[in-house]
Amino acid sequence: MASVIALGGNALGRGTAAEQLTVLRGTCAAIAPLLAEGEVVVTHGNGPQVGNELLRQERAADEVPPLPLYLAVAQTQAEIGALIETELSAAAGRAVACLLTHVHVDADDPAFERPSKPIGPFYSADQAQELERGRGWQLVEDAGRGFRRVVPSPEPLEIVEIDAIRALLASGAVAVACGGGGIPVVSRNGHLKGIDAVIDKDRASALLARQLGAERLVILTEVPAVYRLFRKSNQEEIRELPAAEAEALLPELAEGSMRPKVEAAIELARAGGETLITSADALADALEGRAGTRIA
C-alpha cells in the first residue's frame, strides 16, 4: 500500500528547535506503524515557521535584505525537513530522504486577489488591528484561537519533482516531500520562476497522493476528527463521511483550517483513494476505526 502522511503544525510545535524536536519525536512514534506498510511519503505544514521567518527578516531588514515569500517557504521546507529526517529515521527503521519540492501554480489563480492561508503566530483582536494599520497585513480569526496573518494560497497543479519522489520510493526509502505545500512556482519560457504564496499542504498532499496513485492519505491535525457544529455545545464527531456528504459540510468548516483538509479528501476520494483525518494522539484508535474521520 502507498500512503501519504501529512503532518500539521502541531506535529512540530511552535517553540525552539529543541522543543520542536521533542514534539516531533512523539509524532514520529505515533506514525511508526504506518511506516512499515509499503511506500510512504511524509509531507508537512510550515505555517508557524514561515510566519516566524518573515518576522525575522522584517526586523533585520535594515541590515540584511529580506527574501521573497517563496524563498522563505524554501528555507522552512529545508529546516523542517532536516528535523523530520533525523527523527523519522529511528522510527522508520529504513532510509529517510528529504527532497526539496517545487509545485506548479497558476499565476492568474484568483487566490492572489483573496489571501486566505494563515501563517505565523496568533494575535489578539487589538494586536491584529494594530498590525493591519502598522504593517498593512491582512489578518483573520482562526478557528477561535486568535487572529493570524493570511497570504495567497493558490491551487497546486503539478508536483515538479514527482519522478524524483518515485525514484526515492522505488529505492525503499521513506520520502519527505512537499514541505509547507511545496515551493510555489510558475513556468516562464521553459524556466521555473518562484511566486509569492503559501500552498496549502493538505491540497498539495492530496495532489501528490493522486500523482503517485496512493491508496491512502492520513492528515494529522490538532483535533481527533472532523466535527459538525465545531466548537458548539452540540458539536458532533463524524466517524465516516462519504464524499458527497463531505461536500455538503464544507460551508460550515473554517476556511483556513478544516475546510482545505476535507476538500483535499474529496479530491482524493474522486480518484479512488481514502483519507483519514485525525490527531497524532488519536491515530492508533483511528487506524482501528475507533476515532478519526474517514472520507472515501
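Helices here are DSSP runs of H or I with at least four residues, numbered from the N terminus, and in this predicted model one of them, H4, spans residues 125-135 and holds glutamate 132. With a relative accessible area of 36%, glutamate 132 is partly exposed, because that class takes in values between the 20% limit for buried and the 50% limit for exposed. Once its neighbours within four places in sequence are set aside, glutamate 132 is in contact with Trp137, Gln138 and Leu139. Alanine 170 stands 38 residues from glutamate 132 in sequence, and the C-alpha atoms of the two are 48 Å apart in space.

A second residue to look at is lysine 261, which lies in helix H8, residues 258-270. Lysine 261 has a relative accessible area of 10% and is therefore buried, since buried means under 20%. Beyond its neighbours within four places in sequence, lysine 261 is in contact with Lys201, Asp202, Ile219, Thr221 and Ile277.

The axes of H6, residues 201-212, and H8 come within 8 Å and cross at roughly 15 degrees, which makes H6 roughly parallel to H8, because angles under 35 degrees count as roughly parallel. The crossing of H6 and H8 is right-handed. Sorted by class, the contact of H6 with H8 has seven charged residues, five nonpolar residues and no polar ones.

Note on methods: Residues numbered from 1 in each chain as written. Predicted model: local features only at pLDDT ≥ 70, side-chain atom pairs only at ≥ 80, totals over all residues. Heavy atoms only, no water. Helix = DSSP H or I, 4+ residues; strand = E, 2+ residues; numbered from the N terminus. Buried < 20%, exposed > 50% of the residue type's maximum accessible area, 1.4 Å probe, protein only. Contact = heavy atoms within 4.5 Å. Axes fitted to C-alpha atoms, helices over the stretch in contact; angles between N-to-C directions. Parallel < 35°, antiparallel > 145°, perpendicular 65-115°, else oblique. Left-handed = near helix turned anticlockwise from the far one by under 90°. Nonpolar A, V, L, I, M, F, W, Y, C, P; charged D, E, K, R; others polar.
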